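Me: I would like to go through the labels attached to this model. For each one, please set the value against the cut-off.

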Amino acid sequence: MSTIKNILLNYPTPDRSLLLPILQDVQCSEGYIPADAVVLISDYLKIPTSKVYSVSAFYEKFRFTPGAKYAICLCNGTACHMEKSGSLIKEFEKQLGISAGQITRDKLFSLSTTPCMGACGKAPVVKINNEFHTGVTIGQVAELLNTIKNREEK
Ligand code: FES
C-alpha cells in the first residue's frame, strides 16, 4: 500500500485530470489495479470510487486482479520515447507474443506502459516487478526474459 501512497506523492497537486496517469503508474507498479488503490485514488482526487472503476474498466489495459508473476512495465515518456522505447515495446510484444496491456497464457509475464518513471536521464527504462533496468537496448530484451525463464525452471 505504501507503493500506492508513493505514487500519489509524485502528483503533489490533486487534480481529476491525473486519474489516467495515476492508474497507469499503479498498473505499472502492481501489475493490476488493487481495490485499496482505487479507494486511495478516489480519496486523493475527490472522485467517487465508482468513477475510478468505470474509467479503469473503459481501458482494456487496466486489470483488477493480479495478472502475472512478473509485471513488465516500459516507460513511454518523452525521454524514453526519444531513446526508442517504441521499438523496445514492440520487441517485448514480439518476444512475449502479447500486446501491451496483456498477460501471457502461462501468467508468467504481463506487459504495460507508463508515461514517466522519473529516471529520464537513464532512458529507456524498463521495470520488472520492483527492479529497474535502465538504458535497455532491443538486444537486451531476450536476455532479460531468458534470465527470468531460467530462474523459473530451477
Ligand atoms: S520519460 Fe522515461 S523515465 Fe522519464
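Predicted model: local features only at pLDDT ≥ 70, side-chain atom pairs only at ≥ 80, totals over all residues.

Me: What makes up the secondary structure of the chain, and in which pattern?

Reply: The chain has seven helices and four strands. Along the sequence they follow the pattern α-α-α-α-β-α-α-β-β-β-α.

Me: How do you know that the radius of gyration agrees with a compact globule?

Reply: The rule is 2.2 Å times the number of residues to the power 0.38. With 154 residues, this puts a compact globule near 15 Å, and the chain has 15 Å, so the two agree. The C-alpha atoms fill a box of roughly 45 × 35 × 25 Å along the principal axes.

Me: Which share of the residues counts as buried, and which part of the exposed area comes from carbon and sulfur?

Reply: Of the 154 residues, 43% count as buried. The chain exposes about 8,500 Å², and carbon and sulfur atoms supply 52% of that area.

Me: What share of the contacts between residues at least 6 apart joins residues at least 24 apart?

Reply: The share is 65%, for contacts between residues at least 6 apart in sequence.

Me: How many aromatic pairs are there, and why is the pair of Y59 and F62 called edge-to-face?

Reply: The structure holds four aromatic pairs. In the pair of Y59 and F62, the centres are 6.1 Å apart and the planes stand at 80 degrees. Centres within 6.5 Å make a pair and planes over 60 degrees apart make it edge-to-face, so both labels apply. Ring pairs also link F58, Y59 and F62 into a cluster.

Me: Why is Y59 called partly exposed, while F62 is called buried?

Reply: Buried means under 20% relative accessible area, and exposed means over 50%. Y59 has 30%, between the two cut-offs, so Y59 is partly exposed. F62 has 6%, which is under 20%, so F62 is buried.

Me: Why is the pair of Y70 and F109 called tilted?

Reply: The planes of Y70 and F109 are 40 degrees apart, with 6.0 Å centre to centre. Stacked needs under 30 degrees and edge-to-face over 60, so a pair in between is tilted.

Me: What do Y70 and F109 tie together, and how do you know whether they are buried or exposed?

Reply: Y70 lies in strand β1 (residues 70-75) and F109 in strand β2 (residues 109-114), so the pair ties together parts 39 residues apart in sequence. Y70 has 8% relative accessibility, so Y70 counts as buried. F109 has 2%, so F109 counts as buried as well.

Conventions
Residues numbered from 1 in each chain as written. Heavy atoms only, no water. Helix = DSSP H or I, 4+ residues; strand = E, 2+ residues; numbered from the N terminus. Buried < 20%, exposed > 50% of the residue type's maximum accessible area, 1.4 Å probe, protein only. Contact = heavy atoms within 4.5 Å. Areas by Shrake-Rupley, 256 points an atom, 1.4 Å probe, with all protein chains shown as cover.
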